[in-house]
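Here are my notes on the model, as numbered points. Please read them against the structure shown below.

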Amino acid sequence: MKIPQLSVFLENRPSALLEPLQSLAAANINMAGISLADTEDFGILRILLKDSERARARLQGEGWAVTVSEMVAVDVDDHPGGLVRTLAVLAAAAVNIEYMYAFYLRHGGRVVLMFRFEDPDAAVAALAAAGITMVPEQDLY
């Protein structure tokens, strides 16, 4: 249930986001999810791609600092309070959430949220025990 995510470290300057995305587009690598966080000096581009290994190799070959993280895609009810049940399960299991973001997939009154956990295995076990659906990588693309 764990899904690879690339994190690309960028300088905080004009066109810094454009350059790695141009490289991926030139290699015909399509993104499925994207998030950008910044500080005063740098940004972290987080991307989900079907071909994450090829994307990682390309970006690293061009000099970008890239790391791979394990994400968990969680299917959440798309209504007020829909996320609360998932968060309550994780809190009861003492699972730390490092960050999360919404994924571009909506289906049947549900939304997929991407989570980065301190301990992904513990999170997957707690969610599965509570009957919360996780989305396998192949269903995201």
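1. Helix 4 is followed by Gly131, whose phi is positive, near 75°. Helices (H or I, at least four residues) and strands (E, at least two) are DSSP runs, numbered from the N terminus. This is a predicted model: local features need pLDDT of at least 70, side-chain atom pairs count only at pLDDT 80 or more, and totals for chains, interfaces and linings use all residues. Residues are numbered from 1 along each chain as its sequence is written, and side-chain values use heavy atoms, with hydrogens and water left out.

2. Within helix 4 (residues 120-129), the buried residues are Pro120, Ala123, Val124, Ala126 and Leu127 (under 20% relative accessible area, 1.4 Å probe, protein chains only). They fall within an arc of 165° seen down the axis, so they line one face of the helix; the arc is that of the directions from the helix axis to the C-beta atoms. They pack against strand 1 (2-11), strand 4 (65-77), helix 3 (82-92) and strand 6 (110-117), with contact meaning heavy atoms within 4.5 Å.

3. Gln5 is found in strand 1 and is buried, with a relative accessible area of 0%. Its side chain makes polar contacts with the side chains of Tyr99 (2.6 Å) and Tyr101 (2.7 Å). A polar contact is a pair of N or O atoms within 3.5 Å; within protein, one must be able to donate a hydrogen and the other to accept it, and residues adjacent in sequence count only if both atoms are side-chain atoms.

Definitions and conventions: Buried < 20%, exposed > 50% of the residue type's maximum accessible area, 1.4 Å probe, protein only.
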